[in-house]
Amino acid sequence: MFVLYLNCEQGFLTSSFLRILFNLLDEKQKKLFFKHFSQINNKQIVIKSSRKKIDFLCYDFAVSRSFLEVKKIVNSFKIDKSTKKIANKIFAVLAKTEAKVHDTTIKSVHFHEVGKLSNIARILAISYLLHKYFRLYPT
């Protein structure tokens with residue numbers, strides 16, 4: 001079990017963070033990750049990987065998605081409830097922040113980059129890795 005301290009005041013790249021978490025795993029854990037994620041894969045999402053890198057390629061033509069649409073996509077994946085819960089919390093924090101910045105409601109928030117399938121898949125993968133291999137200490 002790893003302990004991970006994060007300070008995300010300056011932003012956060014999901015692809016870079018996913019690679020960092022992935023590279024902390026041993027070979028057995030990486031194989032389990034691929035086995036698990038190949039089962040949840042939908043037709044629009046392809047896992048691109050090598051021994052040191054991982055990412056998701058998606059055929060996604062959506063310009064933006066509402067918070068509720070993103071939540072629906074997260075909940076549609078065949079993955080454990082704890083992973084979905086973490087991913088939904090991440091998107092909820094982002095939605096609250098967007099709503100505050102744009103002086104609107106969470107229901108009115110639309111995600112552009114974060115709402116792309118590739119980023120939804122990355123956040124699900126990050127949520128899975130955090131749930132499985134890391135201890136979370138929210139502040």
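From the N terminus on, the elements of this chain run β-α-α-β-β-β-α-α-β-α-β, a secondary structure of five helices and six strands. Helices (H or I, at least four residues) and strands (E, at least two) are DSSP runs, numbered from the N terminus. The model is predicted, so local features need pLDDT of at least 70 and side-chain atom pairs count only at pLDDT 80 or more, while totals for chains, interfaces and linings use all residues. Residues are numbered from 1 along each chain as its sequence is written, and side-chain values use heavy atoms, with hydrogens and water left out.

**Burial and contacts**

Of the 139 residues in the chain, 38% are buried. Buried means under 20% relative accessible area, exposed over 50%, and partly exposed in between (1.4 Å probe, protein chains only). Among contacts between residues at least 6 apart in sequence, 68% join residues at least 24 apart; a contact is a pair with heavy atoms within 4.5 Å.

Helix α1 spans residues 14-23, and its buried residues are Thr14, Ser15, Phe17, Leu18, Leu21 and Phe22. Viewed down the axis of α1, the buried residues fall within an arc of 165 degrees, so they line one face of the helix. The arc is taken over the directions from the helix axis to the C-beta atoms. An α-helix has 3.6 residues a turn, so residues three or four places apart point the same way.

**Helices α3 and α4**

The axes of α3 (residues 67-76) and α4 (residues 81-101) come within 10 Å and cross at roughly 170 degrees. That makes α3 roughly antiparallel to α4. Axes are lines fitted to C-alpha atoms, for helices over the stretch in contact, with angles from 0 to 180 degrees between N-to-C directions. Angles under 35 degrees count as roughly parallel, over 145 as roughly antiparallel, 65 to 115 as roughly perpendicular and the rest as oblique.

On the α3 side the contact involves Phe67, Val70, Lys71, Val74 and Asn75, which meet Lys84, Ala87, Asn88, Phe91, Ala92 and Ala95 of α4. By class, this contact has seven nonpolar, two polar and two charged residues. Here Ala, Val, Leu, Ile, Met, Phe, Trp, Tyr, Cys and Pro count as nonpolar, Asp, Glu, Lys and Arg as charged, and the others, Gly among them, as polar.

**Aromatic pairs**

Rings of Phe, Tyr and Trp (its six-membered ring) pair if their centres lie within 6.5 Å; planes under 30 degrees apart count as stacked, over 60 as edge-to-face and the rest as tilted. The count by this rule is three aromatic pairs. Two of them are tabulated here.

| Pair | Centre to centre | Angle between planes | Class |
|---|---|---|---|
| Phe33 and Tyr128 | 5.9 Å | 50 degrees | tilted |
| Phe91 and Phe111 | 6.0 Å | 55 degrees | tilted |

Phe33 lies in helix α2 (residues 27-40) and Tyr128 in helix α5 (residues 117-133), so their pair ties together parts that are 95 residues apart in sequence. Phe33 is buried at 0% relative accessibility, and Tyr128 is buried at 3%. Phe22, Phe33 and Tyr128 form one aromatic cluster.

Phe91 in α4 and Phe111 in strand β5 (residues 110-111) are 20 residues apart. Both Phe91 and Phe111 are buried.

**Two further residues**

Ser118 lies in α5 and is buried at 16% relative accessibility. Not counting residues up to four places away in sequence, Ser118 touches Phe56 and Cys58.

Asp103 lies in the loop between α4 and β5 and is exposed, with a relative accessible area of 73%. Asp103 has a positive phi of about 50 degrees although it is not a glycine.
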